Amino acid sequence: MPVDSADDLKAVLDHETIAVVGCSSTPGKAAHDVPNYLLDQGYDVIPVNPFADEIFGKPVPDSLAEVDAEIDVVCIFRPSDEVGKIVDAALERDDVDVIWTQLGIRDDDAADRAENAGRTVVQDRCMRVEHRRLVA
């Protein structure tokens, strides 16, 4: 079952490196403002977006497969019908511990695959909201 308790969410928020799939270069969009907040909180945010070259002054890989750094958490800002492919890409990596889908985004089948592969899953929650509630 996806993580739901405050203690489990707080443990997830202890991770340091977050790859944000669907990160936006447009201020005012949640897919920009949430990762920007996480950067301000000291997280190492890796924006992933095939349609951007640079976000937050960082180069942007097109996909998770192109991320050279170690990833702790994959945060997904894409429609629910795209989550399955992103989860499968995350499962191809040995370094991803957590898959987090943002508020309004969920795919129960993909979540089951990730959990069966030993990954922690958070669905349909905003990382900024949870960070403010539990950590800040």
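Which helix gives the largest share of the lining of the largest pocket? I found that helix H3 (residues 83-91) does, with three residues.

Before going on, I noted that this is a predicted model, in which local features need pLDDT of at least 70 and side-chain atom pairs count only at pLDDT 80 or more, while totals for chains, interfaces and linings use all residues. Residues are numbered from 1 along each chain as its sequence is written, and side-chain values use heavy atoms, with hydrogens and water left out. Helices (H or I, at least four residues) and strands (E, at least two) are DSSP runs, numbered from the N terminus.

**Pocket**

I looked up the volume of the largest pocket, which is about 370 Å³. A pocket is an open set of points on a 1 Å grid over the protein atoms alone where a 1.4 Å probe fits, with protein on both sides within 12 Å along at least five of seven lines, and lining residues have an atom within 4 Å of a point. Of its 19 lining residues, Val21, Gly22, Pro50, Arg78 and Glu82 are the closest to the centre. By class I listed ten nonpolar, four polar and five charged residues in the lining.

**Sheet**

I then traced an open sheet of five strands, in the order E2-E1-E5-E6-E7, with parallel pairing; two strands pair if DSSP finds at least two bridges between them. Strand E2 and strand E7 (120-122) are the edges, each pairing on one side only, and the twist averages 20° from one strand to the next.

Strand E1 (residues 17-21) pairs with E2 over five bridges, and I noted Asp44 as the partner of Thr17 and Ile46 opposite Ala19. Further along, four bridges join strand E5 (residues 73-76) to strand E6 (residues 98-101), where Ile76 stands opposite Thr101.

In E1, Thr17, Ala19 and Val21 point one way and Ile18 and Val20 the other, and all are buried, meaning under 20% relative accessible area with a 1.4 Å probe and protein chains only. In E2 (residues 44-48), four of the five residues are buried.

**Helix contact**

Last, I checked helix H2 (residues 30-40) against helix H5 (residues 127-134), which pack at an angle of about 35° with their axes 9 Å apart. Asp33, Val34, Tyr37 and Leu38 of H2 make the contact with Met127, Arg128, His131 and Arg132 of H5, where contact means heavy atoms within 4.5 Å.

Notes: Axes fitted to C-alpha atoms, helices over the stretch in contact; angles between N-to-C directions. Points joined across faces, edges and corners; volume = space filled by probe spheres on them. Nonpolar A, V, L, I, M, F, W, Y, C, P; charged D, E, K, R; others polar. Buried < 20%, exposed > 50% of the residue type's maximum accessible area, 1.4 Å probe, protein only.
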